[in-house]
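Please look over the structure shown below before reading the notes that follow. They are grouped by topic.

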Amino acid sequence: MKEKLYTIEVMDALKAADECPCCYLERKMEQDTIAFVLGASYMEDDIRAETDQAGFCRHHTKMMYDYGNSLGNAWILKTRMDRVRGLLKDQAQGKITPGSAVSAGKKASFLSQISGGIRHSADSSSGGKGNGEGGWMKASEGTCYVCRRFEEAYGRIIRTFIYLIQKEPEFLEKLKASKGFCLPHFADLLEACQSGFSPEEQKVIPALYQLMEENLERIQEDINWFIDKFDYRNKDADWKTSQDAIPRTMQKLVGGYPADPVFRQK
Ligand SMILES: [Zn+2]
Ligand SMILES: [Zn+2]
């Protein structure tokens, strides 16, 4: 079966004219998943079985708290606690061995991830948070239900970019006129281009670097002017595009939306 690509979603993300279309999609999917697990689905046995098993990382646990729906949170916590207590008991009785099935999944390399695998946020290069006896106690940082849902989609998002760059000259022109990517997402795209493109297709890579260079320069000018505005001589000068330079520079460097309001239940 042909893989579904996120063509419409990627085009929409580009149209949003944000600092990074991947951050834009990440935010949307993250919020959709939080709303999903704390929506009606928390009473569905199969979904709860999944969240009981996977748990949630610290970042997404905070998001769930902020989102609201106390009863939904309480149910998810209650049955996750049941599971965790069972595991602890098993471990105390020596029933859990290092590397057994309850340990966190190992992080697949990004290359295997973009070719269809799943990327986990646990770092296996340092032994993996989930490995070793008791590793499961820290494993929800690496198996988090919300992180995993996005990571599964993220591989396809990057493959969609690759496909559109290869096949749609119009898309490439739009991309070149965009604000580029945040650095971490650009790194993933670059890695995918280097491994997925033929030598002929790789000729597009310098244009992608140029896109990033131009946009990093634009951000640099914004943050410079933000500082210059504190000089009393510039008190009445125009802010130009610098007023929100701090969150946009933060996003360019590390991804995400530091200025976002808390995501809450409507
Ligand atoms: Zn990004
Ligand atoms: Zn997470």
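Is Phe226 buried or exposed? In this predicted model, Phe226 is buried, since its relative accessible area is 14% and the cut-off for burial is under 20%.

**Zinc ion (ligand 1)**
- Cys20 (SG), Cys23 (SG), Cys182 (SG) and His185 (ND1) coordinate the zinc ion (ligand 1) at 2.0 to 2.3 Å, and the 4 donor atoms, with angles of 97 to 114° among them, form a tetrahedral site.
- Along the sequence, the donor residues of the zinc ion (ligand 1) are spaced C-x2-C-x158-C-x2-H.
- Because Cys20 lies in the loop between α1 (7–15) and α2 (21–37), while Cys182 lies in the loop between α9 (169–176) and α10 (183–196), the pair ties together parts that are 162 residues apart in sequence.
- Cys20 and Cys182 are both buried.

**Zinc ion (ligand 2)**
- The zinc ion (ligand 2) is coordinated at 2.0 to 2.3 Å by Cys57 (SG), His60 (ND1), Cys144 (SG) and Cys147 (SG), donors whose spacing along the chain is C-x2-H-x83-C-x2-C.
- The arrangement around the zinc ion (ligand 2) is tetrahedral because its 4 donor atoms subtend angles of 100 to 115°.
- Cys57 is buried with a relative accessible area of 5%, and His60 counts as buried at 5% relative accessibility.

**Nonpolar cores**
- The largest nonpolar core holds 35 residues, of which Val10, Ile157, Phe161, Phe171, Leu175 and Phe181 touch the most other members.
- Two or more residues of this core come from each of α1, α2, α8 (145–167), α9, α10 and α11 (205–228), with α8 giving the largest share, 9 residues.
- Leaving aside neighbours within four places in sequence, Val10 is in contact with Leu25, Ile157, Thr160, Phe161, Leu164 and Phe171.
- Another core lies apart from the largest one and has 17 residues, among them Tyr67, Cys144, Val146 and Phe263.

**Aromatic rings**
- The model has 9 aromatic pairs, including the tilted pair of Phe226 and Phe230, with 5.6 Å centre to centre and 50° between the planes.
- Phe161, Phe171, Phe181, Phe186 and Tyr209 are linked by ring pairs into a cluster.
- Arg149 lies over the face of Phe36 at 4.8 Å from the ring centre, and Lys229 lies over the face of Trp239 at 5.1 Å from the ring centre.

Technical notes
Residues are numbered from 1 along each chain as its sequence is written. Chains are lettered from A and ligands numbered from 1 in the order in which they are written. This is a predicted model: local features need pLDDT of at least 70, side-chain atom pairs count only at pLDDT 80 or more; totals for chains, interfaces and linings use all residues. Side-chain values use heavy atoms; hydrogens and water are left out. Donors are N, O and S atoms within 2.8 Å of the metal (3.2 Å for Na, K and Ca); water is not among the atoms, so sites may look incomplete. Four donors count as tetrahedral if all angles lie between 85 and 135 degrees; four count as square planar and six as octahedral if opposite donors are over 155 degrees apart and all others between 65 and 115; anything else is irregular. Buried means under 20% relative accessible area, exposed over 50%, partly exposed in between (1.4 Å probe, protein chains only). Helices (H or I, at least four residues) and strands (E, at least two) are DSSP runs, numbered from the N terminus. A nonpolar core is a set of buried Ala, Val, Leu, Ile, Met, Phe, Trp, Tyr and Cys residues joined through side-chain atoms within 4.5 Å. Contact means heavy atoms within 4.5 Å. Rings of Phe, Tyr and Trp (its six-membered ring) pair if their centres lie within 6.5 Å; planes under 30 degrees apart count as stacked, over 60 as edge-to-face and the rest as tilted. A charge sits over a ring if NZ of Lys or CZ of Arg is within 6 Å of the ring centre and within 35 degrees of the ring normal.
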